[in-house]
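Here is a short briefing for a reader new to this structure. Look at the sequence and the model first, then read the points by topic.

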Amino acid sequence: SYLRLSVTDNCNLRCVYCMPQDTRNEPEDNNLTIDEYFRAVKIFSKLGIKKIRITGGEPLVRKGIDELVKKIRTVPGIEEIAITTNGILLEKYLDGFIENGVTSLNISMDSVNRENVRKITRGGDLEKVVKSIKKAKENKIKVKLNTVIIRGMNEHEITDLVKFAIENGVDIRFIELMPIGCARNMKGMKSHEIVDVLKEKMSNIELEEENSENKEIKRAGPAEYYNISGTDIRLGFISPLSSCFCDTCNRIRVTSDGKIK
């Protein structure tokens with residue numbers, strides 16, 4: 001089991017399926033302090049938590065995030081420190097993360113086309129993100145890409161995204177669009193539809209579902225993974241609508257204002 005620690009609800013992007021363009025970031029007054037997040041980690045470590053995932057909003061907009069990572073590294077029993085980020089500010093913090101033992105990064109990437117990234121994220125910078133991905137890989141930090149496919153926006157890039165993952169030695173996970181809020185009038189793609197596209201357009205690769213010989217093996221989280229033959233790359237699907245995973249959830253979440261879920 002591991003702890004998902006949300007350190008802010010704010011974000012520096014306004015992705016079309018997530019936030020209205022005119023959303024304003026809120027003051028952090030109601031959130032826990034860096035020391036309070038640190039105290040929470042110490043308490044959970046004594047209860048057996050070994051992995052911490054720092055999330056947001058966008059966690060790198062939270063002042064003191066580098067200090068928090070440094071503190072978490074000192075906690076006995078914590079074996080992994082992971083961060084989920086859009087990667088825009090990663091260049092600023094990456095050296096410190098490398099020094100202070102961050103083990104993995106989940107980075108949002110919905111397109112490998114510079115203009116489409118800007119369109120979907122309303123301000124994202126593809127070059128910055130790719131530069132940080134390469135640097136993280138060079139320093140032995142494991143990287144996964146998180147991708148949301150939206151019909152009419154980026155479904156034509158499915159194969160390009162997988163090719164990017166293979167070329168850069170990173171796993172890629174397709175996350176099912178949640179049709180709520182800003183996305184309520186958008187249409188996503190189910191995992192089997194994406195697999196069908198890949199099998200049709202990338203006939204040179206073979207996809208083998210992990211644990212396919214033993215369906216009783218419990219997944220270590222919400223993603224269902226396929227191995228891409230001839231590579232070390234895994235293709236993952238997180239499908240909260242078409243394949244609900246609540247009964248196998250192994251996460252504890254602390255929200256930015258200190259609530260436990």
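Is C15 buried or exposed? C15 counts as buried, because its relative accessibility is 15%. Buried means under 20% relative accessible area, exposed means over 50%, and partly exposed lies in between (1.4 Å probe, protein chains only).

This is a predicted model: local features need pLDDT of at least 70, side-chain atom pairs count only at pLDDT 80 or more, and totals for chains, interfaces and linings use all residues. Residues are numbered from 1 along each chain as its sequence is written, and side-chain values use heavy atoms, with hydrogens and water left out.

**Cysteines**

- The structure holds 0 disulfides. A disulfide is a pair of cysteine sulfur atoms within 2.5 Å.
- C15 is in no disulfide. Its nearest cysteine sulfur belongs to C18 and is 6.3 Å away.
- C182 is partly exposed, with a relative accessible area of 27%.

**Helix α2**

- Helices (H or I, at least four residues) and strands (E, at least two) are DSSP runs, numbered from the N terminus.
- Helix α2 spans residues 65–72. Its buried residues are I65, L68, V69 and I72.
- These residues cover an arc of only 100° around the axis, so they sit on the same side of α2. The arc is that of the directions from the helix axis to the C-beta atoms.
- An α-helix has 3.6 residues a turn, so residues three or four places apart point the same way.
- What do the buried residues of α2 pack against? Their partners are β1 (2–6), α1 (34–46), β2 (51–55), β3 (80–85) and α3 (90–99). Contact means heavy atoms within 4.5 Å.

- Helix α7 covers residues 191–201. Within α7, I194, V195, V197 and L198 are buried.
- They cover an arc of only 160° around the axis, which puts them on the same side of α7.
- K199 and E200 are exposed on the other side of α7.
- Helix α6 (residues 158–168) packs with α7 at an angle of about 75°, and their axes are 10 Å apart. Axes are lines fitted to C-alpha atoms, for helices over the stretch in contact, and angles run from 0 to 180 degrees between N-to-C directions.
- That angle makes α6 roughly perpendicular to α7. Angles under 35 degrees count as roughly parallel, over 145 as roughly antiparallel, 65 to 115 as roughly perpendicular and the rest as oblique.
- From α6, the contact uses I158, T159 and V162. From α7, it uses I194, V197, L198 and K201.
- By class, this contact of α6 with α7 has 5 nonpolar, 1 polar and 1 charged residues. Ala, Val, Leu, Ile, Met, Phe, Trp, Tyr, Cys and Pro count as nonpolar, Asp, Glu, Lys and Arg as charged, and the others, Gly among them, as polar.
- T159 lies in helix α6. T159 is buried, at 10% relative accessibility.
- Not counting residues up to four places away in sequence, T159 touches L198, K201 and M202.

**Two positions and their contacts**

- S256 sits in the segment after β10 (251–254). S256 is buried, with a relative accessible area of 1%.
- Leaving aside neighbours within four places in sequence, S256 is in contact with S6, V7, T8, D9, N31, L32 and Y37.
- S256 and K63 are 193 residues apart in sequence. In space they are 13 Å apart, C-alpha to C-alpha.
- I98 belongs to helix α3. I98 is partly exposed, at 26% relative accessibility.
- Not counting residues up to four places away in sequence, I98 touches K135, N139 and I141.

**Backbone details**

- Which residues does a cis peptide bond join? The bond links G56 and G57, with omega about 15°. G57 lies in the loop between β2 and α2.
- R122 has a positive phi of about 55°, although it is not a glycine. R122 is in the loop between α4 (114–121) and α5 (126–138), and is partly exposed at 31% relative accessibility.
- K140 has a positive phi of about 65° and is not a glycine. K140 lies in the loop between α5 and β5 (142–147), and is exposed at 75% relative accessibility.
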